Amino acid sequence: MDETARLRALPSVDEVLRSPAGAGAVGQFGRQAALTAARRSVDSARRAIRGGAGIQPSAEDLGAAMVAQLADAATPRIRTIYNLTGTVLHTNLGRAVLAEAAIEAATQAMREVVALEFDLASGKRGERDDLVRDLLVELTGAEDATLVNNNAGALMIVLSALAAGREVIVSRGEMIEIGGAFRLPDIMARSGVKLREIGTTNRTHPRDYRDAAGGETGLILKVHTSNYRVEGFTAEVTGRELAPIARETGLPLVNDLGSGTLVDLTRFGLGHEPTVADAVRDGADIVTFSGDKLLGGPQAGFIVGRRELIARINKNPMKRALRADKIRLAAIEATLRLYRNPDSLAEHLPTLRHLARSQADIRSMADAMLPQAQAALGPSFTVEVRDCMSQIGSGALPLSTIPSAGLRITAAVSRSGRVPEELAASFRALPVPVIGRIEDGAFWLDLRCLEAPKPFLANLAFFGGSA
Ligand SMILES: *Cc1c(COP(=O)(O)O)cnc(C)c1O
């Protein structure tokens, strides 16, 4: 048959829709979506034939193609994955996994009508933040508290409410950029304040703050250097040293802690990170921190501190634009409640449970998994149990690592020069994609965040990589 004849022999859109697969698709996805998909599959067959492809698909073939198309379009774009990168709080992988109590509370808030801004005692309008204010005050020792959608928003509203049109003093050593367009100078410009940089990259002294404070100054800002450390010949003015300077000059001291933590991490075998309560006690007038970093809750930006400053922040119109919804508030309340009993935190809060897991525990799980993992990957690959190092991520203790263990995978015989990259791609292509990391020429799965090995190994049976 010549090309024209083969094109003419192609089934019509109507025939595709009347094929068993096509008719099924109409029932499952609706006539409109099925019609669009049928047109697409006929069009692409026509293009393929014109391009010289030797195909002659039947109506049923094209019906099957359209079903595949529709099924793909119906797959949720938010995919569940395994985070075996070794970075527990990975911003690109959604940061904290929530506690069961938070999931239940959020689910209930989604399903039911809730008293969100309604005072049940008086029957009058209430404040949505009241639902979590007392808990935040109790856990941080601050006078008052409020919250917005994330910490970037928290910082913007604080700057705008307390220092619009005025200067904000920041040390050059704290001029941070965090991934994803959070650059302090830009945040400040958008908040309507003027950046007043002081000191140098490596050294800032108390007198730098005193010299810069004047009639134009709105506030002093201290920022946690979340993702780097300045080392060597350095000098930083701590929050505690800044408090008397702020008082002398009559300026509010704002401390952006970034990750922030409500408990002393050393009790979980981690390095020391100043708590929010420490920052409040050291004299900060306002402290801001994230909900989905070390705290282990949903995305949120908490603002705690002096009552009159919190009142000014709450009056700012940005508050309405950045307010938290009922689902988030329910999850936050349940998460914060867990902090009332720090002894059982690691049991209930996945973030701390993962961070607190011992290397011995992870290693013995890895040992137990090894034979099945090796069998699933086949003889072309070598799987070994190795010690490795995890990190917290999301800007908490950026330089400290946590001893961990996992599987190190290499190719027994390397034909392509890019084995680790190809392995990484094969693991990403699994039904539940597995994200590991590439290090020293091998592909690594840090098992710190893996709690259930069984379904993980079942998923691995679909491994389709080759060396
Ligand atoms: C992470 C971080 C932020 C931004 O917080 P989000 O919750 O991501 O909006 C701001 N400041 C510091 C110091 C941070 O570490």
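Arg95 lies in the loop between strand S1 (82-83) and helix H6 (100-111); helices (H or I, at least four residues) and strands (E, at least two) are DSSP runs, numbered from the N terminus. The phi angle of Arg95 is near 55°, a positive value in a residue other than glycine. Asp440, placed in the loop between strand S14 (437-439) and strand S15 (442-446), also has a positive phi, near 35°.

This is a predicted model, in which local features need pLDDT of at least 70 and side-chain atom pairs count only at pLDDT 80 or more, while totals for chains, interfaces and linings use all residues. Residues are numbered from 1 along each chain as its sequence is written, and side-chain values use heavy atoms, with hydrogens and water left out.

**The sheet**

Seven strands make up an open sheet with mixed pairing, in the order S2-S10-S9-S8-S7-S3-S6; two strands pair if DSSP finds at least two bridges between them. Strand S2 (144-148) and strand S6 (194-198) stand at the edges with a single partner strand each, so one side of each has no neighbour in the sheet. On average, neighbouring strands of this sheet are turned by 25° against each other, direction ignored.

S2 and strand S10 (residues 301-305) run antiparallel and are joined by five bridges. Phe302 in S10 is the bridge partner of Leu147.

Helix H7 (residues 130-140) touches S2, strand S9 (286-290) and S10, and its direction makes about 120° with that of S2. Helix H11 (residues 239-249) touches strand S7 (217-223) and S8, at about 175° to the direction of S7. Axes are lines fitted to C-alpha atoms, for helices over the stretch in contact, and angles run from 0 to 180 degrees between N-to-C directions.

**The ligand**

The ligand has 14 residues around it, of which Ala152, Ser226, Asp256, Ser290 and Lys293 come nearest; a residue counts as near if one of its heavy atoms lies within 4 Å. Helix H8 (151-163) and strand S8 (253-258) each supply at least two residues of this shell.

The table lists polar contacts, meaning pairs of N or O atoms within 3.5 Å.

| Residue | Protein atom | Distance to a ligand oxygen atom |
|---|---|---|
| Asn151 | backbone N or O | 3.2 Å |
| Ala152 | backbone N or O | 2.8 Å |
| Ser290 | side-chain N or O | 2.7 Å |

The protein covers 93% of the 380 Å² of accessible area that the ligand has on its own, by the Shrake-Rupley method with a 1.4 Å probe.

Technical notes. A polar contact is a pair of N or O atoms within 3.5 Å; within protein, one must be able to donate a hydrogen and the other to accept it, and residues adjacent in sequence count only if both atoms are side-chain atoms. Contact means heavy atoms within 4.5 Å.
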